[in-house]
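Open the model in a viewer and keep the selection tool ready. The stops below go from one selection to the next.

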Amino acid sequence: PKAIHLKDYLPPAFLVQQVDLCFRLDDHHTRVISRLQLQRNPARKEHDLPLVLQGQQLQLIELKLDGRTLSSSDYELTDEQLTLTGVPDSLVLESEVEIDPLSNTALEGLYQSSGNFCTQCEAEGFRRITFYPDRPDVLARFTTRIEADQSRFPVLLSNGNPIERGELPDGHHFVTWEDPFPKPAYLFALVAGQLHPVKDTYTTLSGRQVALEVWVEKENLHKCDHALRSLKAAMQWDEQTYGREYDLDIYMIVAVNDFNMGAMENKGLNIFNSSCVLADHRSETDMAFHRVESVVAHEYFHNWSGNRVTCRDWFQLSLKEGFTVFRDQQFSADQHSPAVERIQQVAMLRTAQFAEDAGPTAHPVRPESYIEINNFYTLTVYEKGAEVVRMLSELVGRDTFRKGSDLYFERFDGQAVTVEDFVACMAEVSGLDLSQFMRWYSQAGTPQLTAESHYNPTARTFTLTLRQHTPATPGQDLKEPLLIPVKLGLVGPSGQDLPMEVNGELWGQERVVHLKEQEQTWTFHNLDAEPVPSLLRGFSAPVRLLLDRSPEQLAFLMTADSDGFNRWDAGQQLALLAIRELINQQQCGAAMMLNPALIQAYRQLLDAQVTDPAILAEMLQLPSEAYIAEQYDQVDVDAIHLARDYARKTLATALYPAFLKLYQQFAKNQAWSAEAAAVAGRRLKNTCLGWLVATESEEALQLAQRQFEQADNMTDQLAALICLAHAEDTTSGDPALKAFALQWAHDPLVMDSWFSAQVTRPHPDALERVKLLMAHPAFSLKNPNKVRALIGAFVNQNRHNFHRRDGSGYALLADTVIELNRINPQIAARLVIPLTRFRRMDDYRKGLMKNELERIRAEKLSPDLFEVIEKSLA
Ligand code: HT7
Ligand code: ZN
């Protein structure tokens with residue numbers, strides 16, 4: 001497979017005005033008849049460029065040019081494309097191909113899920129449906145006629161509006177859909193099957209009625225209300241916040257069980273992984289409700305940021321994804337607690353995205369080359385991309401950002417554009433020079449930000465020096481300084497924000513400073529006592545902050561900082577400090593002793609009046625093993641696990657009565673409600689239950705057992721199940737696991753949680769459980785949700801068991817990846833990632849991991865897996 005480079009971009013040689021498709025659906029022999037009206041692109045003046053259409057796994061039946069049937073000597077056909085030379089400037093190309101949807105386990109193009117037909121065309125799936133210039137800068141109007149057996153496939157859906165329907169011979173029927181908006185082929189969608197709608201309507205700001213429909217299997221009809229409510233909230237929010245109205249008369253969401261990612265924003269016909277649409281409190285947790293709301297909103301927001309204005313090429317993926325993630329994050333912050341939302345986003349970014357940025361597959365937010373674009377739907381493109389947009393909004397200010405986005409949508413409506421086009425709009429409306437800022441798009445790696453400060457009591461000055469350094473990443477040794485917005489404040493001894501004065505200028509109590517050089521110093525005047533700096537408030541830039549702070553300073557900021565995010569972060573850093581001490585003690589062979597400052601800080605949290613249970617629940621989470629590992633160049637997985645576990649047990653034992661009191665307080669009056677206060681209460685209560693069970697007290701296990709039996713909602717039931725299944729006594733969870741499986745055997749989404757609960761347990765038998773459960777009738781390697789719930793959960797969330805010194809965790813992953821390489825290359829290439837992160841492991845494990853990668857490399861690999869394996873072994 002060969003790499004594609006951004007620098008080689010050329011506009012398409014031909015444009016498509018109109019596409020008319022006809023599908024004759026059949027399990028193994030679907031016919032796709034296409035009629036393309038094509039024209040030479042005036043932007044490509046070169047004479048006689050050939051017409052190149054992509055096509056994969058298509059059996060060509062017939063090809064006609066301007067009505068004349070072509071013979072095989074009239075064109076060149078390979079496994080990847082169809083080339084016609086010497087064609088006129090304007091032409092009609094008709095093709096008929098046959099495809100085999102039932103054998104399609106890659107879940108790209110047209111395939112079947114639970115007996116229903118569906119499509120996934122982003123990024124390059126349309127070429128598996130018909131011959132087409134399958135690139136996002138070719139926008140065309142589509143009509144789609146679908147013909148199928150009426151009893152098996154009563155519902156036939158595609159993009160846009162239905163314009164005709166009727167009966168056909170032999171029990172068949174058809175529906176024709178017309179999408180008035182020109183779109184790239186990656187936004188095409190088709191669904192056919194036995195599905196049922198839940199309907200609603202939305203009246204837009206300008207008074208247009210939009211029909212809303214969520215299509216699901218019959219047994220899931222009771223799980224659609226939350227998605228519909230979320231959709232309406234998102235539609236209203238986008239009108240109010242970005243001035244964006246919906247443009248078609250109908251908006252459909254379809255839930256399917258087999259899906260490679262979360263959801264897909266096809267024009268007017270979103271297709272969703274059922275896990276991101278369905279939500280009922282008896283079977284889905286509060287976290288699942290939140291995911292449904294944010295994914296529904298995300299896909300809806302794409303209607304403008306992605307569909308109306310799309311990407312010129314796939315290198316610009318973050319143009320739509322980074323911006324849309326930023327938009328869905330803003331939406332969630334407005335619907336819930338902004339501080340809690342930010343804490344959860346950053347916790348994920350700092351572990352998973354930072355790890356990606358430090359690993360062998362590190363790439364810029366806008367990559368410069370790829371072999372398989374599916375490998376670039378990453379945390380860097382999505383989450384770091386959203387951080388880059390957030391920084392832009394911080395730099396230009398919220399109101400100006402809105403002006404910039406208005407300009408962007410207006411200027412580029414109906415076009416396929418670049419990251420430069422977006423940033424240029426922000427520069428134009430703000431008057432800022434954003435040329436240095438563009439480096440955020442082109443430089444990979446997480447910048448390190450070092451801070452040093454000095455207080456001079458005589459001069460009453462405080463100097464703050466910030467230094468930036470971005471470590472080398474594969475293929476990028478030298479990094480230039482970035483423009484880093486650092487939001488900061490100075491906290492005085494009694495906990496108040498101090499007014500800041502710099503060079504005679506009054507800055508107020510909070511300011512975003514622009515770090516542009518490698519090193520910059522600011523001097524603050526008129527300070528009577530030494531302040532504690534509060535840096536990077538709200539996590540104003542995606543950087544690693546390196547700052548020496550004492551446990552006392554951190555404990556102080558934990559209560560005094562006026563920034564909610566930084567209060568939480570001070571707690572995280574304090575816990576990290578204490579856990580690092582425990583790791584050191586182990587590594588020197590000393591007995592572990594938890595720093596009393598951490599116990600004291602937790603005691604203070606627990607003793608205070610609970611004003612915000614949601615924030616308190618976040619404050620009471622210890623840093624994850626993955627985040628702890630992120631702090632080390634050489635990772636000692638066992639020491640990390642033991643140290644964190646020791647910290648947890650010590651804190652739990654020391655503070656048992658306080659955790660119990662809080663648990664009991666929030667366990668009262670617990671009839672389920674969707675209210676924010678109830679959600680926060682459940683999170684706090686279940687956090688406390690986790691702490692209580694960590695002590696292994698009989699009382700705590702009984703509380704968990706009682707909660708498990710009495711719960712009227714999945715949040716409480718699953719939290720209790722996990723407590724029991726993860727308890728030190730390896731068998732204490734078995735009866736509950738059994739009962740749970742019996743209760744929920746009919747619901748595949750709940751069974752996913754059941755799989756995960758077992759394979760994330762800390763016990764040494766976790767790996768054997770994975771193997772056992774792979775043979776369970778509810779498990780299938782063909783279903784990505786199952787793969788993620790079982791193998792994904794084990795390798796990503798059970799680090800010390802995955803990294804067992806006998807290498808069996810690595811071997812299990814390699815075996816699975818080899819099998820998946822044939823079934824679903826996209827999923828295989830994602831699943832293998834933990835194995836590629838061997839560089840920070842000890843030499844022995846490094847050797848084992850590399851051996852497994854070599855074993856995979858010896859197979860006949862898909863381009864997806866080839867790219868990841870080659871990069872990691874380079
Ligand atoms: N734009 C979509 C990205 C996507 C995808 C979705 C489902 C299956 C395969 C996919 N490949 C790429 C999802 C989104 O970001 O909204
Ligand atoms: Zn998206």
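Begin with ligand 1 and select what surrounds it: 14 residues, the closest being Gln-120, Glu-122, Asn-260, Met-261 and Met-264. A residue counts as near a molecule if its C-beta atom, placed from the backbone, lies within 6 Å of it. This is a predicted model, in which local features need pLDDT of at least 70 and side-chain atom pairs count only at pLDDT 80 or more, while totals for chains, interfaces and linings use all residues. Residues are numbered from 1 along each chain as its sequence is written, and chains are lettered from A and ligands numbered from 1 in the order in which they are written.

Colour the shell around ligand 1 by class: it has 6 nonpolar, 4 polar and 4 charged residues. Here Ala, Val, Leu, Ile, Met, Phe, Trp, Tyr, Cys and Pro are nonpolar, Asp, Glu, Lys and Arg are charged, and the others, Gly among them, are polar. Strand β20 (263-264) and helix α2 (286-301) each supply at least two residues of this shell. Helices (H or I, at least four residues) and strands (E, at least two) are DSSP runs, numbered from the N terminus.

Which domains give residues to the shell around ligand 1? Domain 1 (1-193) and domain 2 (195-272) both do, so the ligand lies between them.

Next, stay with Glu-122 and select the bond to Ala-123: this peptide bond is cis, with omega about -5 degrees. Ala-123 sits in the loop between β11 (116-120) and β12 (140-149). Then go to Asp-170, in the loop that links β14 (161-168) and β15 (172-183). Asp-170 is not a glycine, yet its phi is positive, near 60 degrees.

Now colour by domain. Besides domains 1 and 2, the division gives domain 3 (310-442) and domain 4 (597-611 + 630-671 + 682-873); such bounds come from an automatic or database domain assignment. Domain 2 and domain 3 have C-alpha centres 24 Å apart. Between them, 8 residues of domain 2 are in contact with 8 residues of domain 3, contact meaning that the C-beta atoms, placed from the backbone, lie within 7 Å. On the domain 2 side, the touching residues are 5 nonpolar, 2 polar and 1 charged.

Finish with helix α9 (residues 551-560) and helix α11 (residues 596-607), whose axes come within 10 Å and cross at roughly 10 degrees. The two helices are therefore roughly parallel to each other, a term for angles under 35 degrees. Show Pro-551, Ala-555, Met-558 and Thr-559 of α9 with Ala-597, Ala-601 and Gln-604 of α11, which make the contact.

Methods. Axes fitted to C-alpha atoms, helices over the stretch in contact; angles between N-to-C directions. Parallel < 35°, antiparallel > 145°, perpendicular 65-115°, else oblique. Contact = placed C-beta atoms within 7 Å.
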